Amino acid sequence: MKVDILTIFPDFFSSPLDSSILKRAKDCGKVKMNVVNLRDFASDKHKSTDDTPFGGGAGMVLMVEPLYKALESVVEKKDEKIIMTSAFGKRFSQDMAKKFSTLKHLILICGHYKGVDERIKELFTMEEVSVGDYVLSGGEFASLVILDAVVRLIPGVLGNFDSAITDSFYEGILGYPQYTRPAEFMGLKVPEVLLSGNHEKIRLWRKKEALKKTFLNRPDLLDKKELSDEDKKLLQEIQKSEGLIEKDVS
Ligand code: ADE
């Protein structure tokens, strides 16, 4: 995959792109990342990329011209997808991350200030994406969130692809609790079942714990998920143990 990041703060990306999974993705050749400085496409001597909004009002607006020229320099008119980070966009999700991870070319525009001159959306097809219902001081943070979530799903980037498959959200629910050595710490023991070596019991325990965490923290996810008979049975047990439905009379 090729990723172009269009920003007025290119230095922001130096360390994150050179650490952890993003660095590994670059080093193993699975992802080529290119940071484009929007100021390089400014036409005045001050290298301006923003201006006051027509009609008045507080804040500054990212100008259409530098953005247009920067996009022209990276768009190949093949199968790229252009994402504009914005608090007003569609909410980013694991499903979006999965879709984006199959692309050949992703272009991320880091939105800024009070917004971006709306005309850029008529000149290029793009999707506005928000990483959550809060306002960030810049689209750079959002772009990194999107980039990390996408890149880790590209086969071969994570050492063991299984660790993406068992992530929270991969199956539309939260993850199960994890433990590692020692088996006992300050009197706190690891759940017996995890030491049993019984794979089927471990699978069921993990699934139940994952469903329980989802039920308690993010019940909205369960409304969206297609539940198997096993999921439904486990959820009933969870609701009973939480005292939310009556115990069996039999
Ligand atoms: N820019 C400012 N806030 C944002 C958000 N929540 N998501 C994406 N881009 C943003």
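A pocket is an open set of points on a 1 Å grid over the protein atoms alone, with protein on both sides within 12 Å along at least five of seven lines, and its lining residues have an atom within 4 Å of a point. Please keep in mind that the views below show a predicted model.

**View A. The second largest pocket is lined by 25 residues.** Look for Thr85, Ser86, Ala87, Tyr113 and Gly115, which lie nearest the centre of this pocket. Two or more lining residues come from each of β5 (80-91), β7 (127-130) and α6 (139-151). With five residues, β5 provides the largest share of the lining. By residue type, the lining holds 11 nonpolar, 10 polar and four charged residues. The volume of the second largest pocket is about 460 Å³.

**View B. The largest pocket lies between domain 1 and domain 2.** The largest pocket has a volume of about 580 Å³, and 22 residues line it. Nearest its centre are Ser93, Gln94, Asp95, Phe169 and Leu221. Helices α4 (94-100) and α9 (219-224) each contribute at least two lining residues, and α4 gives the most, with four. Charged residues number 10 in this lining, alongside eight nonpolar and four polar ones. For orientation, the C-alpha centres of the two domains are 39 Å apart.

**View C. The largest nonpolar core has 33 residues.** At least two core residues come from each of β1 (2-7), α2 (20-27), α4, β6 (105-109) and α6. Of the elements, α6 gives the most to this core, with seven residues.

**View D. Phe12 and Phe13 form an edge-to-face pair, one of four aromatic pairs in the structure.** Their ring centres are 5.4 Å apart, with 65 degrees between the planes. Together with Phe141, Phe12 and Phe13 make up one aromatic cluster.

**View E. Phe92 and Phe100 form a stacked pair.** The planes of Phe92 and Phe100 meet at 25 degrees and their ring centres are 6.3 Å apart, so the pair is stacked. Both Phe92 and Phe100 are buried.

**View F. The peptide bond from Arg181 to Pro182 is cis.** Its omega is near 5 degrees. Pro182 sits in the loop between α7 (162-165) and β8 (184-185).

**View G. Ser20 and Lys77 have positive phi values, although neither is a glycine.** For Ser20, phi is near 50 degrees, and the residue belongs to helix α2. Ser20 is exposed, with 60% relative accessible area. For Lys77, phi is about 55 degrees. You will find Lys77 in the loop between α3 (64-74) and β5, and at 67% relative accessibility Lys77 counts as exposed.

Key:
Residues are numbered from 1 along each chain as its sequence is written. This is a predicted model: local features need pLDDT of at least 70, side-chain atom pairs count only at pLDDT 80 or more; totals for chains, interfaces and linings use all residues. Side-chain values use heavy atoms; hydrogens and water are left out. Rings of Phe, Tyr and Trp (its six-membered ring) pair if their centres lie within 6.5 Å; planes under 30 degrees apart count as stacked, over 60 as edge-to-face and the rest as tilted. Buried means under 20% relative accessible area, exposed over 50%, partly exposed in between (1.4 Å probe, protein chains only). On a 1 Å grid over the protein atoms alone, a cavity is a set of points where a 1.4 Å probe fits but cannot get out, and a pocket is an open set with protein on both sides within 12 Å along at least five of seven lines; lining residues have an atom within 4 Å of a point. Grid points are joined across faces, edges and corners, and a volume is the space filled by probe spheres set on the points. Ala, Val, Leu, Ile, Met, Phe, Trp, Tyr, Cys and Pro count as nonpolar, Asp, Glu, Lys and Arg as charged, and the others, Gly among them, as polar. Domain bounds come from an automatic or database domain assignment. A nonpolar core is a set of buried Ala, Val, Leu, Ile, Met, Phe, Trp, Tyr and Cys residues joined through side-chain atoms within 4.5 Å.
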